[in-house]
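Me: I have a structure open and I'd like to walk through it. Can you help me read it?

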Amino acid sequence: MTDPVALLSEYVRIDTSNPPGNCRAAADLLCGALRENGLSPVTFGVRPEKPNVLCHVGGTEEPGLVLIHHMDVVPAKAEEWSVPPFSAEVRDGFMYGRGTLDTKGLGAAHWSAAIRAAKAGILRRKLFLVANADEEVGGGEGAEYFVRNLPFPIGPAFGMNEGGVGVRDVFGAGGKFFLLNMWEKGPVWMKLSASGRAGHGSRPSAKDAPARLIRALTRVTEIREPARLTEPVRDMLRVLRAKGYLDLDVDALRGGAEEAASLEALGCRFPEIDPLLRNTFAVTTLAAGFKPNVIPSSAEGTIDARIVPGEEPSAVVDRLRTMVADLGVSVEILFAEKPNGSPMGPLYTAMEAAVLAVHPDAVVLPYMCTGFTDSRFFRSIGIPTYGLMPVLLPRAEHGKIHGVDERIPVDGIAEMTEIVYALIERWNAGR
């Protein structure tokens, strides 16, 4: 039997920071664990240093179950951390390390539960393990390549990936909430650019490129669109009301100012809900100049917009272009995806039952993730894919994904593995 804590400890110690995103050693570790247990994984990819891993663990019936995670991680600045970010050091009941939450911890749980299921002989339906490279930079050489170049057909299946997590107290004191990602907001990354004259810093003008760019970015950051309900959020709010955490009846709302006021109050009460009610816009990079006393002739900044279902990326960009047109600032799309999701189905029911088997007092919520994941690639080939790393985190830990001192509760690793195993059991018990 594969120990998930030991596997995760080894996994975290392999630096897969992206860029550059070298996942060769990580793939070797994962494949080695499978081969030691009599399984036959395959690897394939654009480049040797960015392999993707696929393993048919067992089972012959359909629909199958595909357990997905990614091997690469965002970079970490060691000087900002209290421990070396790739040490997997255990302290105060937590394992520290880049990737413990995103998503090597999930991968260790998938691997350990799947190997246990294979040895227990419970696999009637097909079960696949997937580990992708390149997720942190868009997935072009990872999941996108993976779904277009499968070495053998997966067949009808459902997928379980990242995108949701268990969080304490987020919608009520003492509550355990598992956010099962059904939908994802769409990313729209834009570059705003201004150009003009270069000059001496002692002779500024309102027409200078940096000055115009700052005014344009200020307008964008001040955007706060009216709150609106989309079906994914409506579904989540229905469950919260049914479980007694919310008084608002979303099915009684009839639009207009009263609905907008109710939703604004909801966003104030639960800050985690606020970005699910509207498009958001964040300034992410700025670049201009080379010397304190020289006004540069050009300046640029980037905006990360996340748009709700029903929006088209091109329409959002057109609105921004109109907003800054009088400033002579151009808007260029760097990357854009429509919001995407999967309908409620049998995997949701199975995952809810698996969570409740380990945490009977928990609430499982259909959720729309503000970020985007590799799930969109699997959905594009007809595999309905949800997202949940079923570990229960204190509310304060939720924000450490991609952050300094990323860490996972050690006892949560075993609990997460039990939930994944319970999911596999239930998936194979269904007809």
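Me: Let's start with strand β9. How many of its 10 residues are buried?
Reply: Seven of the 10 are buried, so the strand counts as mostly covered. β9 spans residues 186–195. Keep in mind that this is a predicted model.

Me: Which way do β9 and β13 run, and how many bridges join them?
Reply: They run antiparallel, and 10 bridges join them. Strand β13 covers residues 298–307.

Me: Give me one pair to click on. What is the bridge partner of Ser193 in β13?
Reply: Ser193 has Glu300 as its bridge partner there.

Me: And how many bridges join β9 to β14?
Reply: Six bridges join β9 to β14, which is residues 330–336. These two strands run antiparallel.

Me: What holds strands of a sheet together in pairs?
Reply: Backbone hydrogen bonds do that, and the pairing can be parallel or antiparallel.

Me: New topic. Which residues of helix α1 are buried?
Reply: Pro4, Leu7, Leu8, Ser9, Tyr11 and Val12. The helix runs over residues 4–12.

Me: What do those buried residues of α1 pack against?
Reply: Several elements. Among them are the helices α2 (24–35), α3 (104–120) and α11 (410–429). Strands β3 (61–70), β5 (94–96) and β18 (407–409) are also on the list.

Me: What does the side chain of Asp3 reach at the start of α1?
Reply: The backbone nitrogen of Val5. A side-chain oxygen of Asp3 comes to within 3.1 Å of that nitrogen.

Me: You mentioned β5 and β18. What is the strand order in the open sheet of three strands?
Reply: The order is β4-β5-β18, with antiparallel pairing.

Me: Why is one side of β4 and of β18 left without a neighbour in the sheet?
Reply: Because β4 (90–91) and β18 stand at the edges, and each has a single partner strand.

Me: How many bridges join β5 to β18?
Reply: Three bridges join them. In one of these contacts between strands, Met95 has Ile408 of β18 as its bridge partner.

Me: Which helix packs on that sheet?
Reply: Helix α11 does, and it touches β4, β5 and β18. The direction of α11 makes about 70° with that of β18.

Me: Now charges. How many salt bridges does the structure hold?
Reply: It holds 35. One of them joins Arg47 and Glu49, with the closest N and O atoms 2.9 Å apart.

Me: Is Arg47 buried or partly exposed?
Reply: Arg47 counts as partly exposed, because its relative accessibility is 32%. Glu49 also counts as partly exposed, at 27%.

Me: Which residues are linked with Arg47 in a network of salt bridges?
Reply: The network links Arg47, Glu49, Lys50, Asp134 and Glu141.

Me: Which residue forms a salt bridge with Glu62?
Reply: Lys126 does, and the closest N and O atoms are 3.0 Å apart. This pair links distant parts of the chain. Glu62 sits in strand β3 and Lys126 in strand β6 (residues 125–132), 64 residues apart.

Me: Why does Lys126 count as buried?
Reply: Because its relative accessibility is 18%, and buried means under 20%. Glu62 is partly exposed, at 41%.

Me: What does Arg395 meet in a salt bridge?
Reply: The side chain of Glu272, at 2.9 Å from N to O. They lie 123 residues apart in the chain. Arg395 is in the loop between β17 (385–393) and β18. Glu272 is in the loop between α7 (256–269) and β11 (280–288). Arg395 counts as partly exposed at 35%, and Glu272 counts as partly exposed at 26%.

Me: Last topic: rings. What does the count of aromatic pairs come to?
Reply: It comes to 11. One of the pairs is Phe158 with Trp427, and it is edge-to-face. The centres are 5.4 Å apart, with 70° between the planes.

Me: Where in the chain are Phe158 and Trp427?
Reply: Phe158 is in strand β7 (residues 157–168) and Trp427 is in helix α11, 269 residues apart.

Me: Which residues do ring pairs link into a cluster?
Reply: Phe44, Tyr145, Phe146 and Phe378.

Methods. Residues numbered from 1 in each chain as written. Predicted model: local features only at pLDDT ≥ 70, side-chain atom pairs only at ≥ 80, totals over all residues. Heavy atoms only, no water. Buried < 20%, exposed > 50% of the residue type's maximum accessible area, 1.4 Å probe, protein only. Helix = DSSP H or I, 4+ residues; strand = E, 2+ residues; numbered from the N terminus. Pairing = 2+ DSSP bridges. Contact = heavy atoms within 4.5 Å. Polar contact = N/O pair within 3.5 Å; in protein donor to acceptor, adjacent residues only side chain to side chain. Salt bridge = Lys/Arg side-chain N within 4 Å of Asp/Glu carboxyl O. Axes fitted to C-alpha atoms, helices over the stretch in contact; angles between N-to-C directions. Phe/Tyr/Trp six-rings, centres within 6.5 Å; stacked < 30°, edge-to-face > 60°.
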